[in-house]
Amino acid sequence: RVHGTTMASAGRPASKGEHRCSLSIIPIVQFTVRDATIADADGIARLVSGLGYPTSSSQMHVRLEPILRDEEYHTLVACEGDRIVGFIGTRVGPLYESDDPYGQIMALAMTRDRQRGGVGRVLLQAAESILLQHGARVLVVTSGNHRSDARAFYEKNRLWQNSPSLI
């Protein structure tokens with residue numbers, strides 16, 4: 001398990017005549033990263049739907065069953081208590097051009113209220129660690145071309161350079 005803490009912005013505009021100092025109160029958001037289970041199907045379905053791929057809880061349940069059994073796949077969820085606020089799905093596979101396997105980030109999503117708050121970065125770091133443990137030396141990132149926010153996230157985390165799908 002990985003435990004993370006992020007700071008969520010709580011600022012509001014200053015009222016007329018109100019003076020602000022440079023320090024502000026920022027609430028701390030704590031979450032845990034753990035392996036996904038079949039019981040997480042509903043939360044993951046909501047996140048996948050938020051990416052623009054409408055998915056019911058029952059559909060995700062059917063999809064997750066073989067994914068969770070397959071040793072090449074790994075799914076992590078970020079939780080605040082019982083609430084799933086993010087997930088990442090990865091897989092490892094063989095390459096034609098190398099003896100080392102590749103690692104692929106197939107899906108990454110957070111709830112809107114946790115985007116840009118560090119949850120994605122922690123999920124990404126945890127997934128990268130798992131992929132490295134499985135011998136991956138090349139990382140493939142899968143993201144729709146219409147997802148400019150995702151591309152910016154991957155660029156910020158140095159996972160998107162000359163090619164939109166392969167680093």
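Q: Where does T55 lie?
A: In this predicted model, T55 lies in the loop that runs between α1 (41–50) and α2 (57–69).

Q: Is T55 buried or exposed?
A: T55 has a relative accessible area of 9%, and it counts as buried because that value is under 20%.

Q: What does the side chain of T55 make a polar contact with?
A: The partner is the side chain of R63, at 3.1 Å.

Q: And which residues is T55 in contact with, leaving aside its neighbours within four places in sequence?
A: With that exclusion, T55 is in contact with A45, V48 and S49, and also with M60 and R63.

Q: OK, on to α1: which of its residues are buried?
A: The buried residues of α1 are A41, G43, I44, A45, L47 and V48, and they pack against α2 as well as the strands β3 (73–80), β4 (83–93) and β5 (102–110).

Q: Switching topic, which residues touch the most other members in the largest nonpolar core?
A: That core has 21 residues, and those touching the most other members are F31, V33, L76, A78, I88, V119 and L123; its largest share, eight residues, comes from α3.

Q: What does I88 touch, not counting residues up to four places away in sequence?
A: Counted that way, I88 touches H74, T75, L76, I105, A107, L108, L123, L124 and A127.

Q: How many residues are in the other core?
A: That core, which lies apart from the largest one, has 14 residues, among them A36, A41, L47 and M60.

Note on methods: Residues numbered from 1 in each chain as written. Predicted model: local features only at pLDDT ≥ 70, side-chain atom pairs only at ≥ 80, totals over all residues. Heavy atoms only, no water. Helix = DSSP H or I, 4+ residues; strand = E, 2+ residues; numbered from the N terminus. Buried < 20%, exposed > 50% of the residue type's maximum accessible area, 1.4 Å probe, protein only. Polar contact = N/O pair within 3.5 Å; in protein donor to acceptor, adjacent residues only side chain to side chain. Contact = heavy atoms within 4.5 Å. Core = buried A, V, L, I, M, F, W, Y, C linked by side-chain atoms within 4.5 Å.
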